[in-house]
Amino acid sequence: MEVFVQTFVSGILIGGIYGLIGLGMTLIMGVMKIINLAHGQLMMVAMYITFLMFESLHLDPYFSLLVAMPALFVIGVLLQKYLLNPLLNVDSILPENQVLMTVGIGMVLTEIIRFIFQSDYKSVKTSYSSSAVYLGGISFNVPMIVAFGIALGLTALLFFFLLKTDVGKSVRATAQNRDAALLMGINAQWITVLTYGLGSAFAAAAGSLLLPIFYLFPDIGGPFTLKAFVITILGGMGSTVGAIVGGVVLGVAESMGATYLSMALKDAVGMVIFLLVLIFLPGGLKALTKV
Amino acid sequence: MKSINWPTILVIAVLALFPAVVPSDYYRHIFIIALMWVVIGSAWNLLAGYTGQVSFGHAIFFGTGAYTAGLCVTKLEISAWWGMLLGGPVALVVGLLIGWICFRLRGPYFALATIAVGEIFRLIATVWRDFTEGMEGILIIQTFRSKIPYYYLALFLAALCITVIYLVTRSKWGFYFVAIREDQDAAESMGISAFRYKSLSLMISSFFTGLAGAFYMNYMGFIDPQVVFSLHYISIMAILVGIIGGVGTIWGPPVGAFIMVLLQETFRSSFFGLLPKWISEAHILVFGLLVIFVIRYMANGIIGDWSKIQRLWSKDRELLSASGRN
Amino acid sequence: MLRVERVNAGYGDIQVLWDVSFHVAEREFVVLVGANGAGKSTIMRTISSMIQPISGQIWFEDQRLDHVPPYRITNVGISHVPEGRQLFPEMTVLENLELGSLAPRAKDHRKETLAWVLELFPRLRERQKQLAGTLSGGEQQMCAIARGLMSRPKMMLFDEPSLGLSPLLTQEIFRLAMKIHSEGVTILMVEQNVKQTLTICDRAYVLENGRIVLEGKGRELLEDEQVKQAFLGI
Amino acid sequence: MAFFETQRLTKAFGGLIAVSDLSFKVEKGEIFGLIGPNGSGKTTVFNLINGYYPITSGSILFEGAKLNGLPTWKICKLGIGRTFQIVKPLRRMTVLENVIASAFNHTSHMAEAREKALEVMKFCELDRKGDYPAKGLTIGDRKRLEIARALATGPKLLLLDETMAGLTPQEQLQGVELIRKIRDTGITIVIVEHIMHVIMNICDRILCINYGQEIAKGTPVEVANNKAVIEAYLGKE
């Protein structure tokens, strides 16, 4: 029983960070109707920025959020503006060419990082990296708790933005009905640019938060891109609340898989759930709660 | 095939004579790999370019074919060459099953599902040690020392694959595939069962990809799940070969395959040793940049946008008004 | 106030409008009638810049509208209530209305406008917190009109506001349109409900195959044989 | 047994009832008009007949066989062809290729399909445009292509959805002629149309619906003089 609770708790904690990755992806999917196959790679870039800040300035990874998020926001904005948006006017045989473009972007990001930092594993050792607090026999890893807390805070901020500000409402409006949004005086093109920037910044936040827990290497992006859309499909595409639920579900599922199946099959658990949801529940887990 | 197609004959002649003219095993190896990619790229293109179903999971079929050949040795204790007979059909059956699951989904959702299935295959092949030997992979002893038999086998496979796909695209099936790609609803109302014909397209596609996988096992003598079931080295490479050459064309993927493999080799060898060593690390970077460039400026690939490229060379636009559809 | 001059427009490689010219004076109520596919909605979409005309000019007051990006149109003072309502289904009625007042010239007056609009549409006041997608057809149309009003337009474009509504609701919608008109808003409306709209409008244009074939006072057109023929084929 | 029949056909999208309790019969060889104001549910009826939407309740019978639940392509194979109001040309195929793809409905031989396609294209006066890519056609030719493609599947019943919308008067006349010609080959036609002088001219019988319900049925003259129809079209005063 104790093992179960322990597994469950660490699943939830990591799920909170996964939720951030999912939120970024959901925003992009909702507004642009594409899957962003560079999502994990953007996160990876943020991790390297955080790593660099730590190595050169000894900046704590959690403070590096303040650098990594804006940096990735800018990168995202540029990518959307100069590489993704222009494709809207291109007539190509495969309608998925924006998605294929994100594949190319992901490759380039990974390789540039490999060029600069080489393929070696890196990690950030902070004073609290392996410290834990105990509560009734269950251990809580400190960096995970801090990360979970920051993730919650950022999520709350995002919700405030989306629900209470005009720009945030415009983002939602554009996702729901692009034409009508234009008629309301919303510059939909600009909203897509902003959204990709925001989505990247959220991926960046997740990256910085994960750094004290994970090893870092250039190819870490790919698996996280997969996780990102597992989360979004689980949560029902374009649903922000769903992304958080999806993140937590994936976190718990992985953690359970690692404990009760094997470490190596941990990723397959996510994939299998993902496939089942994709096929049998096209609306995501959200469809279960809808009457 | 009424008129004699001189360029095609020329290409076949050059490729047939190549090992005789170029005595280097190194170059023969590069060409063998390129020919193998001709098969995979063309097979992917039948499903994606002609039928409109973008697969991110062709490694499933490649890996299945490769492991079929490998398991012939480790489990059945027969020659891996039996894999050349079994690899295609086994991959085809796998394709049928995957189609049955994934064709309920359209467009990007289909693409997503294929990534997921691909990853599941890779993980299973990694974890199920008793059956696949896991990460250690399967090692066999190659039959031939010389590259020449492999070369001609690869050339034969590439020619077979292109011919079959050429014939398919000019038959009822081909028309149905393109109709589904252009508008699935219209196709259904024309009496076309989208599900059935997508499955047929996937079956042909997975058959040839599996064949290529079986060839790879025989030629390389070693496989492991991280390579043959790889999302990046196989599935995405297949996509790159297709889109760089040009989807929905017969000659796009072959051209794409040679460009990709030659480019890869050029960089990997630091321009054959002419440039500093660090260049060799840039080959995937160059792929990525190339993809971005092609999607941005040549949405239909090198063959699909051939007329556009020609126009850049000669300003004589009027001569080239007819677009290069083949 | 609005002048459309020799506009040719269409979608992609298909031309829908041929040399369309008409005008709407300030405080006028003008109706465009015509069969399905005649190009009525295309005119509306061209005015609100959702489509760029192939040639021709559109003037609003002293400003050229063609080639102004669509998201600037509300700020000019034109509000387009599109065909099929086009609400934001997963947002509340209130949020839908707020999004109507994003343009800088409307933003500062959001509170007052909202009060005014909710007074005009008491039904929406009751449903403020409800998601727009869950409203009935009539309520959705009201919400769309109310959202259009939130930008404090000088001119409103109504595209088939009676689409799919029962006769009773249709009458309600027309009554509202007249009320809005009486508050000083210029109106250009596309409608299939010919009799009713021709009775309430000042002037009307008849559109056939993307060309304007007839123009006149509403009442006069109502008696016109050509109009009857266009709609009933007798 | 009627050639084609719907019995108490009903379709609900969520709470919205788009087609309600609609019953009508079409006799072999006639041109049957389905009219009604915008948004009255005509296209939905077509989408129900050719299996694009599942039926909520009621049934559809074609030559005595129930169509309920069959997939679209099977309904086409049974002999019901349709055109779309928003035309769906297979854009990157030529006109000829479009029609050939359709003509494969009853044959697997290239030569036969090609012959059938050429014949249909000649019938629809598209024969000189065979090599044009479908995406470059004018609206008039697109509508013709839509009809040619439906005809090439060899239908017994043809559903035409607003094939005249957006055409010039000249093109409309040609369209009317084409529809008559199709009927003369023995194909039964159900047509949805907004342009009244067209529908009044060519239909044998007309069904007028509004809010998905029948409001009048009869010959063109009867329907045109029906008070409910005039009200539905012109509104009440």
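Guide: In this predicted model, the buried residues of helix α8 of chain B are B:K172, B:G174, B:F175, B:Y176, B:F177, B:V178, B:A179, B:I180, B:R181 and B:E182. The helix runs over residues 172-182, and the list accounts for 10 of its 11 residues, so that α8(B) is mostly covered, where buried means under 20% relative accessible area.

Within it, B:R122 and B:E119 form a salt bridge whose closest N and O atoms are 2.7 Å apart. Because the two residues are three residues apart in helix α5 of chain B, about one helical turn separates them. B:R122 has a relative accessible area of 18% and is therefore buried; B:E119, at 7%, counts as buried too.

Chain B leads on to chain A. Five pairs of chains are in contact, and of these, chains A and B share the most contacts. On the side of chain A, 39 residues take part, and they meet 41 residues of chain B. The two chains bury about 3600 Å² between them, with 84% of that area on carbon and sulfur atoms. In chain A, the residues that lose the most area to chain B are A:I93, A:M107 and A:F115, which together make up 17% of what that side buries. Four helices of chain A each supply at least two residues to the side that touches chain B: α3 (61-84), α4 (97-117), α9 (221-235) and α11 (266-280). Of the elements on that side, α4(A) gives the most, with 12 residues. By class, the side of chain A that touches chain B has 31 nonpolar, four polar and four charged residues.

Chain A has salt bridges of its own. The side chains of A:E254 and A:K227 meet in one, at 3.0 Å from N to O. This pair links distant parts of the chain, since A:E254 belongs to helix α10 (residues 240-260) of chain A and A:K227 to helix α9 of chain A, 27 residues apart. A:E254 and A:K227 are both buried. Elsewhere in chain A, a network of salt bridges links A:E111, A:R114 and A:D219. In helix α3 of chain A, A:S64 counts as buried because its relative accessibility is 1%. Leaving aside residues up to four places away in sequence, A:S64 touches A:T50, A:M53 and A:L59.

The remaining chains may be set beside this picture. Chain B and chain C are joined by no contact, and their closest C-alpha atoms lie 17 Å apart. Chain C does meet chain D: 26 residues of chain C are in contact with 28 residues of chain D. These two chains bury about 2300 Å² between them, 56% of it on carbon and sulfur atoms. The elements of chain C that give two or more residues to the side touching chain D are α9 (194-200), α10 (218-223) and α11 (225-232). That side has 11 nonpolar, nine polar and six charged residues. Between chain C and chain D there are zero salt bridges, while three residue pairs are in polar contact, both residues at pLDDT 80 or more.

Within chain C, C:R6 and C:D19 form a salt bridge, the closest N and O atoms being 3.3 Å apart. C:R6 lies in strand β1 (residues 2-11) and C:D19 in strand β2 (residues 14-24) of chain C, so the pair ties together parts that are 13 residues apart in sequence. C:R6 is exposed, with a relative accessible area of 54%, and C:D19, at 38%, counts as partly exposed. Over all chains, the structure holds 34 salt bridges.

Note on methods: Residues numbered from 1 in each chain as written. Chains lettered and ligands numbered in written order. Predicted model: local features only at pLDDT ≥ 70, side-chain atom pairs only at ≥ 80, totals over all residues. Heavy atoms only, no water. Contact = heavy atoms within 4.5 Å. Buried area = accessible area lost by both parts, 1.4 Å probe. Salt bridge = Lys/Arg side-chain N within 4 Å of Asp/Glu carboxyl O. Polar contact = N/O pair within 3.5 Å; in protein donor to acceptor, adjacent residues only side chain to side chain. Nonpolar A, V, L, I, M, F, W, Y, C, P; charged D, E, K, R; others polar. Buried < 20%, exposed > 50% of the residue type's maximum accessible area, 1.4 Å probe, protein only.
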